[in-house]
Amino acid sequence: MAGLATERRLIGLAFVRIVASLVALVYLLGQWPTRHLIWGPDGSYPTWLFERELPFMPAPSVLAVSSPVVFEALYHLTIAVTICHLIGWGSFPIRLAFAILVWSLLRRHPYVMTGGDSLLLLAVPWLLLTNTGAYLSADSGWRGIGAGWRPSARPWRALLHNVGVFGLLWQLSVMYLFAGLYKLYGAPWLDGSAAGAVLRIDRFSLPGVSELVYGSPLLSAVLTYWTTAFELTAPLLLWLPATRWLVAVQSVLFHGGIGVTMGLVTFAFEATMLQFVVFPDTSYRRLSARLSARLATLVRYRPRFE
Amino acid sequence: MTAAVDGVATSAQPLPAWWRTVAVLLMAAVVFHFALVMTTIVAPPAIPAPLQPLVQAYLVPFFVQDWRLFSPIPDTHDYEVFVRGSYRTADGHATTPWLDLIEPTVEAVQRNRLSPHAVRIEILHKAALFTIRAAGPYGELGTGREIVAERWATVEQQPATAIVLERLGSAYLAERYPERQFETVQVMVGARPTGGPPSSDAGARSSTLLLRPVPFQDVRVR
């Protein structure tokens with residue numbers, strides 16, 4: 001109980017803040033040339049259509065405006081707020097503005113969202129309870145991972161923060177649990193053919209790589225069963241100190257593989273970013289200390305070319 | 001005297017009992033929240049009928065979720081979207097050939113995984129998939145597809161997905177033929193089982209919906 005009186009997982013949350021901001025910037029800057037087509041009032045999903053469908057998909061968006069000028073202002077405000085959020089400047093008001101604007105951006109066009117975007121938006125309410133700016137941020141004076149600073153005891157703020165962390169870990173567990181459970185009801189996932197079947201789809205295939213999987217029943221089976229096993233075991237293993245590293249490694253391999261072979265790059269980042277919260281601050285400090293020592297050794301013994 | 005938790009020195013001041021009570025309640029609230037989320041996914045009827053509107057109001061839209069990621073059964077179709085437009089000429093009217101909306105974006109993303117076309121593919125793929133689904137069983141039969149096309153003859157009667165495809169198609173035509181004044185846009189949506197025969201005849205596939213031409217959509221791209 002005493003542990004809840006101090007803010008925990010601050011370093012991991014800083015990384016989540018950074019990755020979430022970068023994903024938002026990928027959307028905002030990557031689609032900047034065609035922003036009106038994707039999200040504008042006269043684009044592919046015009047405001048009149050958004051309003052028509054709102055009773056069936058009740059997801060409001062502040063970007064659902066009729067004026068192109070107002071849309072431009074809000075779009076560029078979203079970019080500015082996201083940059084502030086990325087550098088960790090502006091504390092809670094910026095975090096709230098980021099939450100509202102990124103929610104609005106992704107919900108403005110219902111067919112833009114991927115499963116990773118869904119996870120990002122589900123994480124946002126919990127992230128609002130947490131302090132994501134204690135490290136690697138302008139607000140903290142760019143406090144590094146190895147800094148000697150420790151959060152002061154602020155019981156009520158810490159309680160709220162740790163409730164947010166608890167919620168994020170639960171959300172991650174729920175995602176993996178149900179993604180895995182649904183697979184138990186699908187014949188292709190039980191007979192080992194699902195991975196190959198998915199990689200045959202043009203949209204999700206990478207020429208030269210996908211054929212290796214769907215051309216090999218063995219490789220397809222290995223990937224299929226590993227996917228299911230990973231998703232079913234992760235909800236428990238990520239809570240245990242002895243096994244959370246295993247979940248993190250598998251997550252990077254699994255989602256990284258999806259990003260590269262299936263082209264779902266933002267999904268890969270979004271699905272992996274919550275893994276940062278799984279590890280306590282001591283883990284990051286230990287890793288940072290080891291890497292610093294290794295780097296110092298390399299520098300000390302570098303070959304001298306004279 | 002202090003204790004260390006996660007390398008953090010905690011206060012020597014004991015926490016008041018009511019803080020501990022609130023802490024337990026908040027943690028329990030989180031567990032209850034996710035129990036509710038899981039119940040709505042696994043067994044929605046388990047929630048008493050009088051409470052369902054309340055639960056819906058609480059969960060929708062910020063917490064509702066569904067993690068059917070390629071499961072239970074992965075959808076193993078390649079979706080195709082073609083568009084053509086008719087325009088006025090000195091001799092009357094002419095029509096462009098069918099232009100493929102999806103294939104160029106797929107190729108762009110296969111060449112570069114960081115391509116901004118990834119968003120376009122997501123929209124096209126979903127819009128095509130949901131348009132085919134919206135056609136329902138009628139979409140499986142030749143006569144049925146005629147009925148669907150007739151039912152969706154005007155923009156006002158169309159599902160949102162068809163409107164999105166027509167608007168994307170209009171934008172694509174306008175960019176491809178900037179000098180032409182288009183009057184109508186027509187979309188054809190198909191679903192081809194993966195590994196099936198290549199596209200050779202635009203109108204002859206088993207799940208191809210040929211929508212009626214609608215007025216060319218004035219779409220702002222940039």
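Which residues of helix 5 (residues 142-151) of chain B are buried? They are B:Gly144, B:Arg145, B:Val148 and B:Ala149, where buried means under 20% relative accessible area with a 1.4 Å probe and protein chains only. This is a predicted model, where local features need pLDDT of at least 70, side-chain atom pairs count only at pLDDT 80 or more, and totals for chains, interfaces and linings use all residues. Residues are numbered from 1 along each chain as its sequence is written, chains are lettered from A, and side-chain values use heavy atoms, leaving out hydrogens and water.

**Helix 5 of chain B**

**Strand 3 of chain B**
- Strand 3 (residues 77-89) pairs antiparallel with strand 6 (residues 182-193) of chain B over 11 bridges; pairing takes at least two DSSP bridges.
- B:Tyr87 has B:Phe182 in strand 6 of chain B as its bridge partner.
- Strand 3 of chain B also pairs antiparallel with strand 4 (residues 92-95) of chain B, over four bridges, and a hairpin of two residues joins them.

**A:Ser61**
- A:Ser61 lies in the loop between helix 3 (47-53) and helix 4 (68-86) of chain A.
- A:Ser61 is buried, with a relative accessible area of 12%.

Note on methods:
Buried < 20%, exposed > 50% of the residue type's maximum accessible area, 1.4 Å probe, protein only.
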